[in-house]
Amino acid sequence: MMEHTSERKIYRRFRTNEILVHGFDDVLVLLRYLYMSNEHSITVDNGMCKLELTMEPSMQFKAKNLNFPDLPAMNYPFELPAMLAAIDQLKQVPATEYPDNFANRWEEVKSICAHNMTLNLV
């Protein structure tokens, strides 16, 4: 089950059908999106602040605290429960790169990833 705490989902019970059927596919999309470009990022609310998350070419995650934009991004332990929660958040916020074309940020991320994957398979 998921516990709702101040608009955030905290995953308390794992091995659910939802995670098995959809969660891992969504995590794969998110990882591919972040891996494709240093310019790809997502913004998540961790309950204390908003973080801009990116992935380095070395596949390490970096987080920039948007409350302190002058500070450099730090290494970030982005584990599966946090990834699933981030995806849930992306489904609730507007698209940022193409706001007129997508219902939410997650739909935008999925589309960008799918188009880039198509180009890489050619």
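Rings of Phe, Tyr and Trp (its six-membered ring) pair if their centres lie within 6.5 Å, with planes under 30 degrees apart called stacked, over 60 edge-to-face and the rest tilted. With that in hand, I looked up the aromatic residues and found that Phe61, Tyr76 and Phe78 form one aromatic cluster.

**Ground rules.** I am reading a predicted model, in which local features need pLDDT of at least 70 and side-chain atom pairs count only at pLDDT 80 or more, while totals for chains, interfaces and linings use all residues. I number residues from 1 along each chain as its sequence is written, and side-chain values use heavy atoms, with hydrogens and water left out.

**Aromatic rings.** I counted two aromatic pairs in the structure. Helices (H or I, at least four residues) and strands (E, at least two) are DSSP runs, numbered from the N terminus. Tyr76 and Phe78 make a tilted pair, with 5.8 Å between centres and 45° between planes.

**Burial.** I use buried for under 20% relative accessible area, exposed for over 50% and partly exposed for in between (1.4 Å probe, protein chains only). Phe78 is buried because its relative accessibility is 6%, whereas Tyr76, at 23%, is partly exposed. Phe61 is buried too.

**Helix H2.** I then checked H2: eight of its eleven residues are buried, so the rest of the structure largely encloses it. The buried ones are Met83, Leu84, Ala85, Ala86, Ile87, Asp88, Gln89 and Leu90.

**H1 against H3.** How do the axes of H1 and H3 cross? I found that helix H1 (residues 17–36) and helix H3 (residues 105–121) have axes that come within 9 Å and cross at roughly 70°. Axes are lines fitted to C-alpha atoms, for helices over the stretch in contact, with angles from 0 to 180 degrees between N-to-C directions. The residues in contact (heavy atoms within 4.5 Å) include Val29, Leu30 and Tyr33 of H1 and Trp106, Val109 and Ile112 of H3.

**Cys49.** Last, I visited Cys49, in the loop between strand E3 (42–45) and strand E4 (50–55). Cys49 is buried, because its relative accessibility is 11%. Leaving out residues up to four places away in sequence, I see Cys49 touching Val44, Asn65 and Asn67. Cys49 and Asn67 are 18 residues apart in sequence, yet 6.7 Å apart in space, C-alpha to C-alpha.
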